[in-house]
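Student: I have just opened this entry and would like a short tour. Can we go through it by question and answer?

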Amino acid sequence: MEVKDRVRDILCYTRKPIDEFYYDPKLAYSMHLALEGEGGFQALNHNSGVLFARATENEDGSLNAKSIRDPHLFVMRDGTYGVVAVRIDGDGGEDPESIGKVLFFTSHDLLEYREEGFLAVCEVAVDRVVCHYDLEKEMYELCWCQSDQWYGAELENIECTGQKINGVKVEELVLPSVETEIEGAVAGNVISIPDEAAERLQKKLQSPRHIKTEVPEEVRAESREQLEMVWARALYSDGTEALKRVDWNTDNVDWNCPGVYEAEGKLHQDHFPFPIAEDRADPCITYWNGKYYFIATNDADKNHTLYVREADTIPGLVDAEEHLILDSDTYEYVGNLLWAPEFHEIKGELYIFLALTPEEFFWEESHIMKLKEGGNPSRREDWSEPKRVVRSDGSQLCEEGKTITLDMTCFFWEGDYYVVWSQRQFLPKDLGAWLYIAKLNADEPWKLLSEPVLLSKPEYGWANNHTFVDEGPFALPQEERLVLTFSSAAVDTSYVVGIMTIDRGRDLLDPENWKKGNYPLMTSRSVEGEFGTGHNAYVVDEYGDVWNSYHARPGIHGERSSGIRRVHFDIDGLPVLDLVEDQDVCEEFSRVKTKVIVG
């Protein structure tokens, strides 16, 4: 008897917009996913979209935001997935560029999507579209509604050739009604997918939680110091794991007397209530010469000073004294806004990349400061004057007063130093903020080594929400790939963190080699009470743990303030930025014990 593969139902849907603070049209008009579970469908990805339409581009480079309505999900001939939808204007109105057309996407796993293009079906606006593959006919059946009349066509293949698909009138389609209690859901259709595919979606689109802890049943140790080298293995609901230090209680162990003893312990966890620093945005932490240093944009005084905190541990930074290292009055060419400082090490020396301006906002440009040899990062006099970052020939990156540069970050990858920054032309037309990349001259790190290359534009609805912005990049090198996270949308509750990756061995200066995520990693829906999460940076502590510092608002009208959270890594090794402390270490599984063999 043939055993059929287990399947689970999955619902695709959009959401009703709420308002400009919680969930507005550019977020609501995207495809969301929910999996069949106990009590009905369970929303994935914090009830946020996973598929967004790309913006279109004008001749001058500016973008036109786009969204989708009534997405319809179907299984294609080869077992992968297709989505057809009506493309609309970014805020939900009719899209003049899409008249008579249907937008078509493909996906191999419902996590990564490729926007294939348009299927031309008529000469008027399309109201709705559905599609499925008929196994018996071995044909796709595409149906669309125009002017209250349904039309259909049978297609051997679905291809965006630009040629019009000739349809014939069909009877009015009665589409199945789907009931769901998901907040704000406008239900689309339901399909069945293999259980393995559903499980992968859960692992990728739900925050993992700590479900078990393992330690060796017995260990040999001659001192407390040796026992402290024994770490626990925390197991998570998505099949991942993380090594954890243990705070061992050795009161019952006599290190001077050979024998077998039982030692109990608890998983070590540093606690960071949000926020760790009020009125501090764009935070960055570095580990330098055995100490940790924290720096951030100072919103408390409208961005006119920069302070550094120093501590022996990352938790020690929370209450550490602040030391002024730069203000708007020290140098004539500074004068006004000091933005987004970041620590970076280049050839063994410490630098701060920052943006500053002598005048108003439109003159903000990227600069670099160097710590003198043997200097202390928290001492003002140990830092050089800010020096403007320029092209390899010494010319300006862009025309000051018309185009600004900011949020420059630096990283080392496969033998070279690179910088990525955000650049925004305001005059003669505001084009929004775009990300650029270039090699850096490590001997003169205020100079580029190569010409700037456009890396990313804010093309998705989550990136152009309220304004067109890609900014705040920061690199996280991994063994086989480079991860680059960045922030997008307006610096309000819309602010989110997106992701780009590139495999080792590929040319970073070729934008085609980069893969951009369809949806952001961190949003106002990721962690309750934190709104407008963004502009993050990473630091690896002395134990090998990766920490993510970021800013968010404690409430929709709260001031930008800094937070920090351990970075977990999912089943694909990509960063998880929304793992809160009680999911990282569950109290139920936090206590461990082992037999200690002494002598």
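Predicted model: local features only at pLDDT ≥ 70, side-chain atom pairs only at ≥ 80, totals over all residues.

Student: How far apart in space are Ser 30 and Tyr 331?
Tutor: In sequence, 301 residues separate Ser 30 from Tyr 331. In space, taken C-alpha to C-alpha, the separation is 48 Å.

Student: What share of the residues counts as buried?
Tutor: The protein exposes about 26,800 Å², with carbon and sulfur atoms supplying 45% of it. Among the 599 residues, the buried share is 56%.

Student: How far apart are the centres of the positive and negative side chains?
Tutor: There are 59 positive and 112 negative side chains. The centres of these two sets lie apart by 1 Å.

Student: Which strands do the buried residues of H2 pack against?
Tutor: Helix H2 covers residues 195-205. Its buried residues are Asp 195, Ala 198, Leu 201, Lys 204 and Leu 205. They pack against strand E1 (7-15), strand E2 (32-37) and strand E14 (185-194).

Student: Is Arg 309 buried or exposed?
Tutor: Arg 309 belongs to strand E23 (residues 305-311). Among the residues it touches are Tyr 292, Tyr 293, Phe 294 and Glu 321. The cut-off for buried is under 20%. With a relative accessible area of 10%, Arg 309 is therefore buried.

Student: Which backbone oxygen does the side chain of Arg 309 reach?
Tutor: A polar contact needs N or O atoms within 3.5 Å. The side chain of Arg 309 makes its reach at 3.2 Å, and the oxygen belongs to Leu 317.

Student: Which side chain does a polar contact of 2.7 Å join to that of Lys 516?
Tutor: Lys 516 is in strand E36 (residues 515-516). Its relative accessible area is 17%, so it counts as buried. Its side chain also reaches the backbone oxygen of Lys 457 at 3.0 Å. The side-chain partner at 2.7 Å is Ser 456.

Student: Where does the side chain of Ser 488 reach a backbone oxygen?
Tutor: Ser 488 lies in strand E34 (residues 481-488). At 0% relative accessibility, it is buried. It touches residues including Trp 462, Asp 470 and Tyr 495. The backbone oxygen reached, at 3.4 Å, is that of Val 469.

Student: What is the omega of the peptide bond from Phe 274 to Pro 275?
Tutor: Pro 275 is in the loop between strand E20 (259-267) and strand E21 (280-288). The bond from Phe 274 is cis, with omega near -5°.

Student: What is the omega of the peptide bond from Leu 427 to Pro 428?
Tutor: Pro 428 also sits in a loop, between strand E30 (416-425) and strand E31 (432-439). The bond from Leu 427 is cis, and omega is near 5°.

Student: What is the phi of His 46?
Tutor: His 46 is in the loop between strand E3 (40-43) and strand E4 (56-57). At 30% relative accessibility, it counts as partly exposed. It is not a glycine, yet its phi is positive, at about 55°.

Terms used: Residues numbered from 1 in each chain as written. Heavy atoms only, no water. Helix = DSSP H or I, 4+ residues; strand = E, 2+ residues; numbered from the N terminus. Buried < 20%, exposed > 50% of the residue type's maximum accessible area, 1.4 Å probe, protein only. Polar contact = N/O pair within 3.5 Å; in protein donor to acceptor, adjacent residues only side chain to side chain. Contact = heavy atoms within 4.5 Å. Areas by Shrake-Rupley, 256 points an atom, 1.4 Å probe, with all protein chains shown as cover. Lys, Arg positive; Asp, Glu negative; His and termini not counted. Charge placed at Lys NZ, Arg CZ, Asp CG, Glu CD. Lists of a residue's contacts leave out its neighbours within four places in sequence.
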